[in-house]
Amino acid sequence: QRSKRFFRADDRLRLHRTLGNGLAYRGARRPAPGPDERFVYFPLHLQPEATTSPMGGVYVDQNLAIETLVRALPEGWQLVVKENPKQRFDKRTPGFYRRLESLPCVRLVGRSHSSFDLLEECRAVATVTGSAGWEALCMGKPALVFGQAFYRHAPGTTRVGGVEEARETLAALDDG
């Protein structure tokens, strides 16, 4: 009987966390940038994920990668963040979306927004280890990679270890 009560309580906490994070996600969403706006596209990874955890290093905390990019963005640029469509809200930490919402130049777009459209319209893609970086390279766009992605040494890829590497790459893109 005690076990049943314990697991029921856990289910209630999970439901509470899922609802809270789902509502925070809805509140943090913003419209996608217009065609003339300059932005970096950052698709979120599933959390937890088998590749991000061992291959992302300290950037397994995707908020750290996002905050690094925010500090490196040139004047007038945006960071467009898209949640992974398969992500369950109970797997994010409480306040994850509120933290994104508090960053001034971050736009969290809806899950239903086309990743392909974002890839086409962005100036660069940033990712921890994701395939979006590879897709960007195939489209002729630069990729900023925070982790140990298989394509990290490919031409057009910048391995980001901190704000300065990201700032230099984005400044070069801003200059054309």
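The lining of the largest pocket in this predicted model is made up of eight nonpolar, six polar and four charged residues, where Ala, Val, Leu, Ile, Met, Phe, Trp, Tyr, Cys and Pro count as nonpolar, Asp, Glu, Lys and Arg as charged, and the others, Gly among them, as polar. The largest pocket has a volume of about 300 Å³. Of its 18 lining residues, Pro-43, Leu-44, Asn-84, Ser-131 and Ala-132 are the closest to the centre. The elements that contribute two or more residues to this lining are strand S1 (39–43), helix H5 (115–121) and helix H6 (131–138). A pocket is here an open set of points, on a 1 Å grid over the protein atoms alone, where a 1.4 Å probe fits and where protein lies on both sides within 12 Å along at least five of seven lines, and a lining residue has an atom within 4 Å of a point; the points are joined across faces, edges and corners, and the volume is the space filled by probe spheres set on them. Helices (H or I, at least four residues) and strands (E, at least two) are DSSP runs, numbered from the N terminus.

Residues are numbered from 1 along each chain as its sequence is written. Because the model is predicted, local features need pLDDT of at least 70 and side-chain atom pairs count only at pLDDT 80 or more, whereas totals for chains, interfaces and linings use all residues; side-chain values use heavy atoms, with hydrogens and water left out.

S1 belongs to an open sheet of six strands, in the order S3-S2-S1-S4-S5-S6 and with parallel pairing, two strands being taken as paired if DSSP finds at least two bridges between them. The edge strands, each of which pairs on one side only, are S3 (106–109) and S6 (157–159). From one strand to the next the twist averages 25 degrees, a value that rests on axes fitted as lines to C-alpha atoms, for helices over the stretch in contact, with angles running from 0 to 180 degrees between N-to-C directions.

Within this sheet, S1 and strand S2 (residues 78–82) run parallel and are joined by five bridges; Phe-39 has Gln-78 as its bridge partner in S2, and Phe-42 has Val-81. S1 also pairs in the parallel sense with strand S4 (residues 124–127), over two bridges, where Val-40 stands opposite Ala-124 and Tyr-41 stands opposite Val-125. Beyond S2, four bridges join that strand to S3 in a parallel arrangement, with Val-80 opposite Arg-107. S3, although an edge strand, is covered on both faces, since Val-106 and Leu-108 on one side and Arg-107 and Val-109 on the other are all buried.

S4 is likewise covered on both faces, by the burial of Ala-124 and Ala-126 on one side and of Val-125 and Thr-127 on the other. This strand pairs in the parallel sense with strand S5 (residues 143–145) over three bridges, and Ala-126 has Leu-144 as its bridge partner there. In the loop between S4 and H6 lies Thr-129, which at 12% relative accessibility counts as buried; its C-alpha atom is separated by 8.5 Å from that of His-45, 84 residues apart along the chain.

In soluble globular proteins, nonpolar side chains tend to be buried together. The largest nonpolar core here has 32 residues, of which Phe-42, Ile-66, Leu-79, Val-81 and Tyr-97 touch the most other members; such a core is a set of buried Ala, Val, Leu, Ile, Met, Phe, Trp, Tyr and Cys residues joined through side-chain atoms within 4.5 Å. Among the elements that each supply at least two residues of this core are helix H1 (2–28), S1, S2 and helix H7 (163–174), while the largest share, five residues, comes from H3. Nine of the 11 residues of H3 are buried, so this helix is largely enclosed by the rest of the structure; the buried positions include Ile-66, Leu-69 and Val-70.

Methods: Buried means under 20% relative accessible area, exposed over 50%, partly exposed in between (1.4 Å probe, protein chains only).
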